[in-house]
Amino acid sequence: MADFYDTLLPCQSPRVTVIGAGNVGRTLAQRIAEKNLADVVLLDIVGGLPQGIALDLMAAGGIEQHDSEIIGTNDYAMTAGSDIVVITAGLARKPGMSRDDLMAVNAKIVHEAARNSLKYSPDAIFLVITNPLDVMTYLTWKATDLPPQRVMGMAGVLDSSRLQTFIAMELGVSTADVQAMVLGGHGDLMLPLPRYCTVSGVPITELMDAATIERLVERTRDGGAEIVRLLQTGGAYYAPAASACLMVEAILRDRSRLLPAAAYLDGQYGLRDLYLGVPCRLGCRGIESILEVRLTDAEQQDLHVSAASVRENVKIAIDSLTVAGAR
C-alpha cells in the first residue's frame, strides 16, 4: 500500500508574471518575492537581462528569508498559469516628455504583451503600469476581451501615496496617519480631493490653508515629472513598484482593500466605456466593486474633463494600432 504522503498533491504557489524587466518590473519582482506573495516570472525581450536579474534576486533569498521562485525568461510560454499578469513594458519618459508622448510606441508594446500573455494564462487578472496608464489599460482590455473587472491599471494608489507623502512632509506628521484620495486620469488632469484627505480623521482643510493645499495638489500632479527632471535618465520606479505590489497583495490574499485604481466605468460617475481612476474594492476576483464618492459640481466637471482627455487619447492609440496593422 502506498504511503499516505505519496498520495498528496503537490502544493502550488500563486504565480505572478511581470512583463518588462526595467526598473519598475525588476523592483516589483523583488517586492513580491521578498513578501512571499507568489512565485515570479520576469519576462523581457532582451536576451539574458531577465535571467540575470532573476538569478541575482534568487541569490538574495537566503538573506531575505523568502521561498519564492523567480524565473527570468524571453519566452511567453514560461509564463503559463499565471494568476496575475503585470504589464510594465514600454518606453519610459525622458525630460520634457509627457505621459501622452509615449502613446503610439507603447500602444503596440502593450497590445502584443497582453495578447501573448493571455494565450498562456487565460484565467489571469491583468494589472497595467505602462504609461499613458488609463489608455494602456483600455487597450489591454480590448486586446484580451476579458471581463472588465479582470483588467485594471495602477495609478491612483501611486498618486494618492504621493499626495499622502507631501501632506505628511508639510505638517511634520507620520505618513501612517495620513489618508489621501486622487481620482481621474494618471496625468496632468488627475483630480486630488482635499475634502477626502485626512490626518487621523481630521480633514486637511482644517489643518492648512487653501494656498498650501493647492501647492501640494499641483506637486502631486507634477510628481512623476519632478522625478524625471531630477533623474534625467529615467522615471520613478520605487513608488510605482510599491503601489503595484500593494494591489497584487490585495488580490492574491483576497483582502478586499478599498484602493484607487484605473477601472472600467459603465455608468459610474456619469461615464461609460473608458478606464479611469476611481476608488475600487480589490479582491481575488479583481475589481469587485466601484465606490462612487460624492463630488461637488466643480469636482464632477473636472473628472469629466480628465475623462474626455483619456477618451481622446484612446482614440489616438487605437488609430495608431490600426495604421501599424496590430488589430
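A: Lys 315 has a relative accessibility of 48% and is therefore classed as partly exposed, and in this predicted model its partner in a salt bridge is Asp 319, with 3.2 Å between the closest N and O atoms. Asp 319 is likewise partly exposed, at 38%. Both residues belong to helix α10, which spans residues 297–324, and they are four positions apart, or about one turn of the helix.

This pair is one example from a set of 13 salt bridges in the structure. Another joins Arg 229 to Asp 222, where the closest N and O atoms are 2.7 Å apart; here Arg 229 is partly exposed with a relative accessible area of 45%, and Asp 222 is partly exposed at 27%. The bridge between Arg 255 and Glu 249 has its closest N and O atoms 3.8 Å apart, and its two ends fall into separate classes of accessibility, since Arg 255 is partly exposed at 44% whereas Glu 249 is buried at 9%. Arg 255 and Glu 249 also take part in a network of salt bridges that links them with Lys 35 and Arg 253.

Helix α9 covers residues 238–252 and holds Leu 246. The relative accessible area of Leu 246 is 25%, so this residue counts as partly exposed. Beyond its neighbours within four places in sequence, Leu 246 makes contact with Val 157, Arg 257 and Leu 259, while Gly 277, 31 residues away from Leu 246 in sequence, lies 16 Å from it by the C-alpha to C-alpha distance.

With neighbours within four places in sequence set aside, the contacts of Leu 183 include Tyr 269, Gly 277, Val 278, Leu 295 and Leu 303.

As for annotated positions, an unreviewed UniProt entry lists His 186 under "active site". His 186 sits in the loop between β8 (182–183) and β9 (191–192), and it counts as buried because its relative accessibility is 9%. Under "binding site", the unreviewed UniProt entry lists positions including Ala 21, Val 24, Asp 44, Asn 106 and Ile 129, and the lining of the largest pocket takes in these five residues. Ala 21, in the loop between β1 (15–19) and α1 (23–34), is buried with a relative accessible area of 0%, and its contacts beyond four places in sequence include Leu 43, Asp 44 and Ile 53. Val 24 lies in helix α1 and is also buried, at 16%; leaving aside neighbours within four places in sequence, it touches Thr 88, Ile 129, Ala 236, Tyr 237, Pro 240 and Ala 241.

Finally, a search of the whole structure for disulfides finds zero. The cysteine sulfur nearest to that of Cys 197 belongs to Cys 280 and is 17 Å away, and Cys 197 itself is buried at 0% relative accessibility. For Cys 284, also in no disulfide, the nearest cysteine sulfur is again that of Cys 280, at 15 Å, although Cys 284 is partly exposed at 38%.

Definitions and conventions: Residues are numbered from 1 along each chain as its sequence is written. This is a predicted model: local features need pLDDT of at least 70, side-chain atom pairs count only at pLDDT 80 or more; totals for chains, interfaces and linings use all residues. Side-chain values use heavy atoms; hydrogens and water are left out. A disulfide is a pair of cysteine sulfur atoms within 2.5 Å. Buried means under 20% relative accessible area, exposed over 50%, partly exposed in between (1.4 Å probe, protein chains only). UniProt positions are given in the numbering used here, feature names are shortened, and annotations may be inferred rather than shown by experiment. On a 1 Å grid over the protein atoms alone, a cavity is a set of points where a 1.4 Å probe fits but cannot get out, and a pocket is an open set with protein on both sides within 12 Å along at least five of seven lines; lining residues have an atom within 4 Å of a point. Helices (H or I, at least four residues) and strands (E, at least two) are DSSP runs, numbered from the N terminus. Contact means heavy atoms within 4.5 Å. A salt bridge is a side-chain nitrogen of Lys or Arg within 4 Å of a carboxyl oxygen of Asp or Glu.
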